[in-house]
Amino acid sequence: MAEVSLREVTKRWGAFAAVDSVSLDIADREFVVFLGPSGCGKTTTMRMIAGLEDATSGEIVIDGRVVNDVPARDRDLAMVFQNYALYPHMTVAENIAYPLKVRGQSRSARYEAARGAARRVELEDLLDRRPAQLSGGQRQRVALARAIVREPRLFLMDEPLSNLDAKLRTAMRAQLKHLQRELAITTIYVTHDQVEAMTLADRIVILRDGKLQQIGSPLEVYDRPANVFIAGFIGNPPMNLLEGTLADGRFSSEGIDALALPGALPGARDGRVVVGARPDHVALTAPEEGDIRGTVYAVEQLGEGALVTVEAGPHRLVVSAARNTPVREDEAVGLSLEREALHFFDGDTGERRE
Ligand code: ATP
């Protein structure tokens, strides 16, 4: 079992803070995903937890013990990286058993454990192969089995699926989630892919420029993004974000005339605002009937539905529509916004307004 806490953890290189005073608590058996764009400090945070990087300040606590000065090998955790770092001259069984060899376990005990771990990731039939004779997904599972075999108290995974093709990634995602539940080992997982974060996480930790932006369950960050950055980052297709001004309960922006938003924002201050509407909460109407007038820019067929992009002044809004929606490019349409589902952010700070 493992609980992990970061207390105002900072990592600087010179004047640059790659991780800036991050505090968070991870519960035993929790699956936590660190999510953010490239360079936001995800990997550095994980490497500090692993003991591969020293924190400049702050405390890293595992199971109640400050581990800042504990070497990586004594932290009892297993890491899985994007490049699986398998030994090419060893068989699958030898690769999986290797951590136990380092620990000095007997040959028979090692192979027994390796077979058990291989079974968990459905690799039993490939134990005698070498890494060069495996597909990307199979190599990834060898790396996973090698982490499992150690029975660590904590798993750290850094973009372990990013080298796989889209279909395999989706399949491995479900397998990984199932496995984590089965093994009940606290897991920290780094990705820049919001779909991966939404699907895998018990809680998502969103970072930007080394700073913590929000921590919450996938639905919490989806339903109540704390700022404009998160609103635009979580969700596929992303939330439509309209910058403009609010005055007397009316929203105006270039190409959008005084859109009445009665009661949508109790206590809202007038001034600069960003209104957010997910594509599911915008509907196509006849041109004269909607809140906003525009022209169809593109229609993308998805099979289960269609995405219709509509231009209104400088804005482009994406609408989730039925697959057989009868609209064509350049056609004039109206858009109506579902009032109760709108998000409002401060136009200056980007913070969510309540
Ligand atoms: P990615 O998704 O691209 O891996 P990340 O969120 O994991 O990004 P980090 O690898 O944690 O980002 O890097 C955070 C910042 O720290 C980046 O701006 C990076 O350039 C910088 N950085 C990382 N390692 C070093 C180093 N050894 N020296 C100086 N700067 C570094």
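**Ligand site, sheets and helix packing in a predicted model**

Colleague: Which residues surround the ligand?

Modeller: The ligand is surrounded by W13, F16, A18, P37, S38, G39, C40, G41, K42, T43, T44 and E159; a residue is near a molecule if one of its heavy atoms lies within 4 Å of it. This is a predicted model, in which local features need pLDDT of at least 70 and side-chain atom pairs count only at pLDDT 80 or more, whereas totals for chains, interfaces and linings use all residues. Residues are numbered from 1 along each chain as its sequence is written, and side-chain values use heavy atoms, with hydrogens and water left out.

Colleague: What lies 2.9 Å from an oxygen atom of the ligand?

Modeller: That is a polar side-chain atom of K42. An N or O atom in the side chain of T44 is 2.5 Å from a ligand oxygen atom, and for C40 a backbone N or O atom lies 3.0 Å from a ligand oxygen atom. A polar contact is a pair of N or O atoms within 3.5 Å; within protein, one must be able to donate a hydrogen and the other to accept it, and residues adjacent in sequence count only if both atoms are side-chain atoms.

Colleague: Turning to the sheets, in what order do the four strands run?

Modeller: The order is β2-β1-β4-β5, in an open sheet with antiparallel pairing. Strands (E, at least two residues) and helices (H or I, at least four) are DSSP runs numbered from the N terminus, and two strands pair if DSSP finds at least two bridges between them.

Colleague: Why is one side of β2 and of β5 left without a neighbour in the sheet?

Modeller: β2 (16-26) and β5 (65-66) stand at the edges and each has a single partner strand, so one side of each has no neighbour in the sheet. Strand β4 (residues 57-62) pairs with β5 over two antiparallel bridges, and I62 stands opposite R65 in β5. Helix α1 (residues 42-50) packs on this sheet, touching β1 (4-13), β2 and β4, and its direction makes about 115 degrees with that of β1. Contact means heavy atoms within 4.5 Å; axes are lines fitted to C-alpha atoms, for helices over the stretch in contact, and angles run from 0 to 180 degrees between N-to-C directions.

Colleague: What is the phi of E8?

Modeller: Phi of E8 is near 50 degrees, a positive value in a residue other than glycine. E8 lies in strand β1.

Colleague: How many residues lie between β12 and β13?

Modeller: There are two residues between β12 and β13, which form a hairpin; G255 in the turn has a positive phi of about 85 degrees. β12 (residues 250-253) and β13 (residues 256-260) pair in the antiparallel sense over three bridges. R250 has A260 as its bridge partner in β13, and S253 stands opposite I256.

Colleague: Where is P237?

Modeller: P237 is in the loop between α8 (228-233) and β11 (240-247). A cis peptide bond joins N236 to P237, with omega about 0 degrees.

Colleague: Last topic: at what angle do α2 and α4 pack?

Modeller: Helix α2 (residues 92-102) and helix α4 (residues 136-148) pack at about 30 degrees, with their axes 7 Å apart. V92, N95, I96 and P99 in α2 meet V142, A145 and R146 in α4. By class, this contact has five nonpolar, one polar and one charged residues; Ala, Val, Leu, Ile, Met, Phe, Trp, Tyr, Cys and Pro count as nonpolar, Asp, Glu, Lys and Arg as charged, and the others, Gly among them, as polar.
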